Amino acid sequence: MKADAPGAVLKRERVRDFVLGLVESRHPGDAIPSERALCADLGVSRPTLRAVVDELVAAGLLVREHGRGMFVAPNKITQELVSGQETMTAPRAAGTWSSRLLEFTTFPAGARVGRKLRISPAAEIVYVARLRLVDGAPMAIEHLHIRADLVPTLSARELEAGDLYEHLREQHGVHVQEAVQAIEPTVVTRAEAELLDVPELSPALLFERLTSDTTSQPVEYVHSIYRGDRYRIVSRLTLDPSATAPPARLGHHPGIPPGDFVHRDTIASSTSGDIQSAP
């Protein structure tokens with residue numbers, strides 16, 4: 001599973017994780033090191049770092065102040081729409097979904113991903129970047145971080161065809177049960193625009209998901225970019241607690257690839273308005 005020469009996608013991912021780690025370890029209004037200092041620390045070019053910083057500024061996580069530097073942005077407002085006791089099913093998606101592998105390698109988790117997966121920063125993870133397509137058209141870019149000790153024989157074929165969570169269950173004995181997912185608006189970078197076949201800075205949806213198994217141990221951390229012009233979120237809300245829930249309809253639970261969590265697994269999805277979900 002190792003790759004001797006990680007590509008551009010992986011390099012940007014490592015830079016993004018490092019800068020996000022700085023943001024998450026500070027308070028709103030705190031300064032972060034200059035681009036020049038970060039380039040020296042990370043050993044990357046100024047354009048590579050600037051592309052990542054631009055992405056985080058557009059996402060509302062960093063603020064640039066001319067002549068002063070970069071600062072952690074104010075906290076975002078989160079509103080829960082449905083209580084944690086409410087559930088809904090995660091049906092299969094419409095259309096024919098497929099994947100094209102962009103990166104596939106293993107490396108140490110690092111501080112930020114290790115914290116999310118509750119493992120040592122030195123513990124290895126499998127990193128996967130893949131382009132998700134619907135009926136042959138690019139729809140999303142996924143960045144998966146999976147505990148390597150759980151999937152020592154994970155193959156490229158499993159990442160390009162079929163349901164990943166089904167492969168985890170049947171081939172690796174990993175039974176996913178719950179996920180917490182956040183969704184917020186963003187824009188695509190130049191590199192993402194080329195992969196998704198949309199103009200640079202086009203609107204998009206950022207999904208972040210932490211998936212756990214039946215023992216509540218985190219299995220994977222995923223963040224994905226979905227095209228804003230082709231993807232939408234529909235929520236069904238029951239306002240009267242005594243009302244009978246309508247039968248589930250075909251559709252796609254946002255950010256969850258088709259077929260995932262359909263084997264009596266549970267998913268709790270947390271958006272900028274949280275939605276709790278279970279099959």
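What is the mean pLDDT of the chain, and what share of its residues reach 70 or more? The mean pLDDT is 82, and 77% of the residues reach 70 or more. The model is predicted. Over residues 1-5, pLDDT stays under 50. The model has 12 contacts beyond four places in sequence for residues 1-5. Residues 83-89 also stay under 50 in pLDDT. For residues 83-89 the model has 17 contacts beyond four places in sequence.

**Helix packing**

| Pair | Angle | Axis separation |
|---|---|---|
| H1 (residues 8-24) and H3 (residues 46-58) | about 55° | 10 Å |
| H1 and H4 (residues 110-117) | about 70° | 7 Å |
| H2 (residues 35-42) and H3 | about 115° | 10 Å |

Start with H1 and H3. Their axes make an angle of about 55°, so H1 and H3 are oblique to each other. The crossing of H1 past H3 is right-handed. From H1, the contact draws on Lys11, Arg12, Val15, Arg16, Val19 and Leu20. H3 supplies Thr48, Leu49, Ala51, Val52, Glu55 and Leu56. By class, seven of the residues in the H1 contact with H3 are nonpolar, one is polar and four are charged.

H1 also packs with H4, at an angle of about 70°. H1 and H4 are therefore roughly perpendicular to each other. On the H1 side, the residues are Arg16, Asp17, Leu20, Gly21 and Glu24. They meet Arg112, Val113, Arg115 and Lys116 of H4. This contact of H1 with H4 has two nonpolar, one polar and six charged residues. Arg16 and Leu20 of H1 take part in the contact with H3 and in the contact with H4.

H2 packs on H3 at about 115°, with the axes 10 Å apart. H2 passes H3 in a right-handed crossing. H2 contributes Glu35, Arg36, Leu38, Cys39 and Leu42. H3 contributes Arg46, Leu49, Arg50 and Val53. Five residues of the H2 contact with H3 are nonpolar, none is polar and four are charged.

**The three-stranded sheet**

Three strands form an open sheet in the order S1-S3-S2. Their pairing is antiparallel. Which strands stand at the edges? They are S1 (31-32) and S2 (62-65). Each has a single partner strand, so one side of each lacks a neighbour in the sheet. S1 pairs with S3 (residues 69-72) in the antiparallel sense, over two bridges. Isoleucine 32 has methionine 70 in S3 as its bridge partner. H3 packs on this sheet and touches S2 and S3. The direction of H3 makes about 110° with that of S2.

**Around glutamate 208**

Where is glutamate 208 placed? Glutamate 208 lies in strand S9 (residues 203-213). Glutamate 184 is 24 residues away along the chain, and the two C-alpha atoms are separated by 9.0 Å. Leaving aside residues up to four places away in sequence, glutamate 208 touches Arg112, Val180, Gln181, Ala182, Tyr221, Val222 and His223. Arg112 is also one of the H4 residues that meet H1.

Definitions and conventions: Residues numbered from 1 in each chain as written. Predicted model: local features only at pLDDT ≥ 70, side-chain atom pairs only at ≥ 80, totals over all residues. Heavy atoms only, no water. pLDDT = per-residue confidence, 0-100. Contact = heavy atoms within 4.5 Å. Axes fitted to C-alpha atoms, helices over the stretch in contact; angles between N-to-C directions. Helix = DSSP H or I, 4+ residues; strand = E, 2+ residues; numbered from the N terminus. Parallel < 35°, antiparallel > 145°, perpendicular 65-115°, else oblique. Left-handed = near helix turned anticlockwise from the far one by under 90°. Nonpolar A, V, L, I, M, F, W, Y, C, P; charged D, E, K, R; others polar. Pairing = 2+ DSSP bridges.
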